[in-house]
Amino acid sequence: MLEEVYYHFSQNTPSLSALITVFHAIFVGTALNSPNCRSQPGDASFPNPDQIQQFNSSIGGRLVPVIPTGKLCQNMGGCTDDQWNDPAFREVIPGSMLQDFVSNPPSICYRNTTNCGQGSVPILGINATCVADIQEGVRFAHKYNLRTAIKASGHDYLGRSTAKNSLLLWTHNFKNITFHDSFKVGGKDLGSAVTVGSGVQFQTLYEETKARGKIFVGGTVRSVVAAGGYLQGGGHSILSPRFGLGSDNALEFQVVIANGSLITASEVEHPDLFWAIRGGGAGSWGVIISATLRTYPTFPAVVHTSVVTLNSSEAAADLASLHASHIFDWDDQKIGHYFILLQISPSLFIWAMISLWPNASEAAVNASLAPFLDRAVLLGTNFSVNVSGGMVNDQLGNSDQAGINTGLGSRLIPEQIYRGDPLVIRDTYKQLFDAGASGVLGHMVGGGQVSENAHIDSAVQPKWRTAKAHIALSTSWNEDATPAEVKNFQQSITKVQVPILDKLAGGLGSGSYSNEGDAFEPNFQVTFYGPNYARLSAIKRIYDPDDLFIVATGVGSERWDSQGLCRVG
């Protein structure tokens with residue numbers, strides 16, 4: 001499958017030399033050519049074709065042209081829905097991301113778009129196979145003042161893996177996995193661990209850890225990499241109530257920083273950077289080459305999925321309130337679960353709850369959930385249950401989808417809110433659906449070990465330590481949506497729906513999970529990073545004084561325009 005996709009990419013993509021010639025023919029004299037801006041095609045400071053070819057030779061020909069997914073599909077004569085929405089199809093294409101993003105000026109490249117532009121997709125990329133490729137790429141970008149983008153899997157809702165007129169640093173090929181019985185940092189034994197390259201996906205790592213009787217803290221989506229933006233954002237998991245956040249379990253990083261050096265970040269080496277990488281935001285600190293993660297003995301688990309169909313927003317809100325009144329029923333077992341409410345139409349809502357139960361029998365799980373589900377059934381028109389068992393590694397990393405155009409906004413909901421009046425939850429859900437929310441996605445992954453890990457000194461948003469749930473709002477649009485329509489969908493999240501959720505979370509100073517937050521969060525410094533932002537900014541100036549690594553809502557991004565191309569102020 002992957003070989004076939006890569007063949008299509010190689011056969012339907014302009015050659016590197018042809019692309020370089022086109023860039024210079026089209027863009028010469030058109031860029032801003034400002035000392036406050038990154039070098040762009042057309043600038044005198046932008047590398048000329050000979051300089052680009054020399055650089056390509058220095059890295060063994062690893063420089064590749066980068067084009068949007070939609071343009072590739074057009075060159076192929078079309079892509080099926082299965083291809084367009086398949087992460088396996090996209091993961092071997094350097095310019096293909098989780099979804100396709102609007103750029104400034106407005107440009108979207110879908111399968112049916114005529115005269116596809118480059119949009120926010122990088123123009124050149126390094127298909128790195130070794131650390132030296134990344135180091136040389138970083139030095140090349142620094143020498144010519146280029147905009148950079150870092151992509152591991154490209155699974156990013158905020159568009160931080162892509163950037164207009166940029167050089168892409170792609171770590172897809174970093175697939176190394178090394179297990180340690182006793183991982184030591186500064187002579188201190190930190191126990192069982194695994195070191196993974198930043199191209200290793202969750203599903204692969206779940207399979208490898210199972211083979212050695214181990215499990216780690218990770219997400220449920222197959223194609224997300226374990227050592228990329230997931231950890232840098234903090235990394236929640238259905239296992240978090242039992243083991244903490246993903247970043248709580250990170251022991252060491254290998255990272256290429258802005259001067260091209262490969263350094264180790266841990267409690268004893270560059271501890272300030274180690275602090276920042278764990279929760280300080282994806283894409284802001286350098287190119288992660290590998291991460292070492294704590295592992296635990298694996299165990300059998302039961303996954304229970306229940307689905308309820310409802311016929312009104314009132315019934316949907318009532319079910320959300322009922323759920324809120326029962327969430328502490330399962331605390332003694334440190335159960336994580338996801339709960340989703342989708343509005344299909346004003347008269348059709350679907351509730352789903354997925355919970356994972358370590359070392360439990362199906363009968364025990366059913367008994368624990370019965371007080372909630374017996375009442376939930378009465379609110380709906382249809383009800384179904386699915387229960388599966390097996391090793392926990394087999395229960396995770398199975399879901400995946402790409403090519404779905406989605407905007408998100410989210411908030412961390414404090415435990416004290418759930419211990420209050422459940423009707424507050426009901427009123428919030430009712431307001432959200434009346435305001436047009438198409439989906440409310442809940443992650444009951446706080447409390448338990450996440451709260452108990454409050455002593456860990458890292459850049460994780462402190463609101464995680466008092467949160468019970470992370471709730472995200474979603475809105476989606478079809479491929480025929482215009483840039484103006486997409487903007488309206490996104491503004492509905494930012495200006496209408498998130499303020500409703502923000503009120504539930506406590507209002508001014510509330511927190512959010514940056515990996516599933518709003519790309520247009522107006523007060524991102526507080527919402528994503530809380531009181532850590534000043535310290536993060538100081539560390540950023542040490543390791544990246546020229547802001548080579550700038551991403552949307554990332555540390556230091558307030559100093560740049562929305563494309564990260566020109567300084568502001």
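What follows are my notes on ring pairs, a ring cluster and charges over rings.

**Entry 1: the count.** I'm working with a predicted model, so I keep that in mind throughout. How many aromatic pairs are there? The count comes to 19.

**Entry 2: Trp464 and Tyr513.** Where do Trp464 and Tyr513 lie? I found Trp464 in the loop between helix H17 (449-452) and strand S20 (467-476), and Tyr513 in the loop between helix H18 (483-505) and helix H19 (524-529), so this pair ties together parts that are 49 residues apart in sequence. I also checked burial: Trp464 is buried, and Tyr513 is too.

**Entry 3: Phe528 and Tyr529.** Next I looked at another edge-to-face pair, Phe528 with Tyr529, at 6.3 Å between centres and 90° between planes. Buried or exposed, this Phe528? Its relative accessibility is 2%, so I put Phe528 down as buried. Tyr529 has 1%, so Tyr529 goes down as buried as well. The cut-off I used for buried is under 20%.

**Entry 4: a cluster.** Which residues do ring pairs link into a cluster? I wrote down Phe202, Tyr206, Phe216 and Tyr230.

**Entry 5: charges over rings.** I found Arg90 over the face of Trp84, 4.5 Å from the ring centre. Arg535 lies over the face of Trp275, and there I noted 3.8 Å from the ring centre.

Note on methods: Residues numbered from 1 in each chain as written. Predicted model: local features only at pLDDT ≥ 70, side-chain atom pairs only at ≥ 80, totals over all residues. Heavy atoms only, no water. Phe/Tyr/Trp six-rings, centres within 6.5 Å; stacked < 30°, edge-to-face > 60°. Helix = DSSP H or I, 4+ residues; strand = E, 2+ residues; numbered from the N terminus. Buried < 20%, exposed > 50% of the residue type's maximum accessible area, 1.4 Å probe, protein only. Lys NZ or Arg CZ within 6 Å of the ring centre and 35° of its normal.
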